[in-house]
Amino acid sequence: MRIYHNNLSSTLNQGFKPIWLVFGDEPWQKNDSLATIKSSYLQQGFDEVIRFTADDKFDWSNVVNEYQSMSLFSSQRIIEVEILSGKVNEAAGKTLLALSEQFHNDVVLVIHGPKLDAAQQKKKWFKTLEDLGCFLPIYDIEGKQLNQWLNRQINQLKLNIHPDVIPLMIELFEGNLLALDQELQKLSILFGQNQVTIQDAEKIIINQAKFNPFQVVDTLLKGDLKKCVAILDQLQHEGAPIGQLVWFLHKEISQLIEMQEKLKQGESINNLYKTYRIWEKKKPLYQHALNNMTYGNLSHGLSRLAEVDLISKTSSDFNPYILLSDICITLYHGQTTSTLPLDYEYS
């Protein structure tokens, strides 16, 4: 059974599940899910929690032995296993398959870790455990879902926040739910049920938004250049490696050039989506980019990106993050930036 974070409480109310699989990289939802699952079973009399941390050398028979043993402290136990790598080898998979045949109502097994790739989710051990219990994949919350999440948290904390504060908080904390939740907790302590105005928020809220190269690319495809520049500025403050950003942009621009070439040759957009394995969620982003980035601008952007890469490796007189902002603008407005030199002096 596969569920999502917003279905967790209702699923727990539906009855006992012997196995819970929680995998993903977004920390707030992950921590909240694990705490909610354990709290629910602790309230039902599962008053002992045994924890394991599984690396590549972990002996999974330890989990089996613990599952099968009689506890001196409680007849109902929660066994929690954190998988550090996000991968389960063949031997461990066989052990979990064997254990699944022994599941009973006195022990809850909670296995969690980083995001599982598609190959891991197709393994027999995983599909078997998912069928017997619950799989809760953790995804980033963005856009409309982030707005809904924020309003739910505000209601739960009984905060009185002026509507103008909502877009400010989303702009500052998008990509960092953990910091956003902490900020809401702080506002709850400071203001209680008194209204939090936009002036109050600007004075108190610290910019802790956390972004990654994938969000730079998605924002660029969407054409939101202002946000693109803001993300690059935030990544600079966080010390993101410039070489990594160059690599991501090079990969994306090169792919868009190839897609433009194939469109000119008469290939359909749907075939391109299949060829380049574009997810359904990202199809509108690529549609926008291909409609608004010309072949000439893409080629010019790729050329300038090579210059940025060279400058970042050979000179300390320039801010490479600002140069990357130029690349993003070039992809949509190459006719303007082509008249401007890239290697301006930065001060």
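User: In this predicted model, where is the place of Lys158?

Analyst: Lys158 sits in the loop that runs between helix 7 (143–156) and strand 6 (160–161).

User: Why is Lys158 called exposed?

Analyst: The relative accessible area of Lys158 is 59%, and exposed means over 50%, so Lys158 is counted as exposed.

User: What makes the phi of Lys158 worth a remark?

Analyst: Most residues other than glycine have a negative phi, whereas Lys158, which is not a glycine, has a positive phi of about 55°.

User: Where does Arg277 lie, and how do you know that Arg277 is exposed?

Analyst: Arg277 belongs to the loop between helix 14 (269–275) and helix 15 (283–292); its relative accessible area is 73%, and because the cut-off for exposed is over 50%, Arg277 is classed as exposed. Arg277, although a residue other than glycine, also has a positive phi, near 55°.

User: Which residues of the largest nonpolar core touch the most other members?

Analyst: Among the 40 residues of that core, they are Val216, Leu220, Leu245, Leu256, Met293 and Leu324. At least two residues of this core come from each of several helices, including helix 11 (213–222), helix 12 (225–238) and helix 17 (320–337), while helix 13 gives the most, with nine residues.

User: What does Leu245 touch, not counting residues up to four places away in sequence?

Analyst: With those sequence neighbours set aside, Leu245 touches Pro213, Val216, Leu232, Leu235, Tyr321 and Leu324. Another core, of 27 residues, lies apart from the largest one, and Phe23, Val88, Ala92 and Leu109 are among its members.

Notes. Residues numbered from 1 in each chain as written. Predicted model: local features only at pLDDT ≥ 70, side-chain atom pairs only at ≥ 80, totals over all residues. Heavy atoms only, no water. Helix = DSSP H or I, 4+ residues; strand = E, 2+ residues; numbered from the N terminus. Buried < 20%, exposed > 50% of the residue type's maximum accessible area, 1.4 Å probe, protein only. Core = buried A, V, L, I, M, F, W, Y, C linked by side-chain atoms within 4.5 Å. Contact = heavy atoms within 4.5 Å.
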